[in-house]
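Hi,

Here is the structure I promised to pass on.

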Amino acid sequence: MDVFTRAFYIITIVLTLITLFRDKKKTFEAMKKSKRMMGSMMGEIVGIIFSIGLLLTFIPPQMIKTALGSTNTLLSTIVGALAGSITLIPAFVAFPLVGSFVDAGASIVPAVAFLTTLTMVGVVTIPLEKKEFGLKFTVARNILSFVAAMIIAVTMGVLL
Amino acid sequence: MIQMIKKNKLPFLVILLYAVLFVVAPEKGSQSASNSLYYLKEMIMIMPVVFLLTVVIEAWIPKEVIMKRFGDKSGFLGSIFSLILGSVSAGPIYAAFPICKMLLSKGASIKNVVIIISAWAVIKVPMLISEAKFLSPEFMVTRWVLTVIAIFIMANIMNIFVKREDVMSVDNAKEKNQLFIKEEYCIGCGICAKILPNYYEIRDKKAIIKGEMNLEESDLILKSVEDCPTKAIVYNFEVGESDVLKN
């Protein structure tokens with residue numbers, strides 16, 4: 001276990017103990033809720049993780065490096081952002097997936113674009129959003145989020 | 001069984017792929033499985049932390065108090081509260097829609113609503129651990145800072161382009177004094193059925209309205225609307241919009 005994970009373990013365990021001490025009932029209620037949320041994600045988490053194994057076996061790292069490496073960043077970033085916009089998977093499971101691509105040599109710029117549009121732009125949820133907030137709000141928010149994701153991605157590429 | 005597969009398409013598809021692979025090319029199959037093991041191990045290691053952090057946030061942060069603070073005149077502090085509310089809330093982005101709609105009708109500004117939805121989508125405190133673990137802590141921090149800046153800029157642009165009327169006029173066509181449940185947001189928690197057992201009932205994990213409206217119980221109806229955790233219950237008041245404006 002690395003230092004980072006260990007630090008997080010210590011912090012959260014201390015916080016949980018304090019919470020338990022302050023209000024037992026509330027803590028258990030929160031645990032039930034959190035358990036249900038995580039439980040409903042379990043299938044997807046395991047599914048994604050085992051697809052990573054398949055991807056890494058059949059797509060050689062060399063290919064990932066050429067396709068998503070730093071040679072044609074602009075195109076791969078646009079593809080990454082588009083892919084993120086139409087997919088609807090929890091960000092929580094997207095991190096190991098994206099991490100495996102970066103480990104294999106993909107550039108971080110398309111990776112960031114994918115991660116950001118994955119959560120902020122939702123083509124699948126547009127009908128729901130439109131129903132609540134109207135067409136103008138929905139279209140403006142999704143387009144702005146897409147542009148923001150591209151800018152964040154390029155900036156990350158410059159900074160890191 | 002079929003329903004179970006339908007609900008868990010991805011894991012079943014992956015199991016199927018592995019089964020085929022182990023028959024056709026066993027060495028590729030075991031290679032894939034061992035590739036996955038590293039990520040599985042890392043995931044299992046951070047799961048307890050993510051779980052406990054979600055619990056701590058849920059038990060500690062008084063969301064109702066935060067929700068009272070983002071009107072049009074709430075200024076910068078209101079934006080900060082919006083950012084916090086979005087960041088500490090659990091669930092996918094569409095779970096934010098009915099809650100934001102409710103906040104809008106209570107006077108929240110467009111700007112703050114955009115901040116809540118965006119932060120709700122991108123900044124999940126427990127998820128930051130997953131990001132730091134599988135990418136890197138520097139990656140996580142840099143993306144977080146840039147995203148927060150982007151959210152504030154976006155919210156200000158939206159505030160100029162989208163007017164309150166654009167958003168509020170959406171479901172005015174509904175009849176007055178009508179109670180209904182937005183099924184797509186109901187999580188079947190049963191709180192409403194506990195408050196008003198003769199009105200609400202949970203059927204197939206969704207709340208439904210069974211009783212006729214009785215105006216004498218309007219206090220309890222309001223309570224059920226307020227207490228619904230996903231704000232899936234909608235109640236159109238008898239008072240017309242002009243009355244609301246006068247008050």
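Let me start with chain B: of its contacts (heavy atoms within 4.5 Å) between residues at least 6 apart in sequence, 67% join residues at least 24 apart. Before you read on, this is a predicted model, where local features need pLDDT of at least 70, side-chain atom pairs count only at pLDDT 80 or more, and totals for chains, interfaces and linings use all residues. Residues are numbered from 1 along each chain as its sequence is written, chains are lettered from A and ligands numbered from 1 in the order in which they are written, and side-chain values use heavy atoms, with hydrogens and water left out.

Chain B has 13 helices and 4 strands; helices (H or I, at least four residues) and strands (E, at least two) are DSSP runs, numbered from the N terminus. Of its 247 residues, 46% count as buried, meaning under 20% relative accessible area, with exposed over 50% and partly exposed in between (1.4 Å probe, protein chains only). The chain exposes about 13000 Å², and carbon and sulfur atoms supply 64% of that; the areas come from the Shrake-Rupley method with a 1.4 Å probe, and for residues only the protein chains shown count as cover.

Next, helix α3 of chain B, residues 26-60. Its 35 residues should span 51 Å at 1.5 Å a residue, and the end C-alpha atoms are 50 Å apart, which agrees. The expected span is 1.5 Å times one less than the number of residues. α3(B) also bends by about 30° at Ile46(B), with Pro48(B) following within four residues; the bend is the angle between axes fitted to the seven residues ending there and the seven starting there.

You'll find Ile93(B) in the loop between α5 (75-88) and α6 (96-105) of chain B, and it counts as buried because its relative accessibility is 8%. Leaving aside neighbours within four places in sequence, Ile93(B) touches both chains: Thr119(A), Met120(A) and Arg141(A), plus Ile117(B), Trp120(B) and Ala121(B). Ile117(B) is 24 residues away in sequence, yet 6.7 Å away C-alpha to C-alpha.

Over in chain A, Leu55(A) is in helix α2 (residues 24-58). Leu55(A) is partly exposed, since its relative accessible area is 29%. Beyond its neighbours within four places in sequence, Leu55(A) is in contact with Leu97(A) and Phe101(A).

Val123(A) is in the loop between α6 (108-120) and α7 (126-159) of chain A, and at 40% relative accessibility it counts as partly exposed.

Cheers
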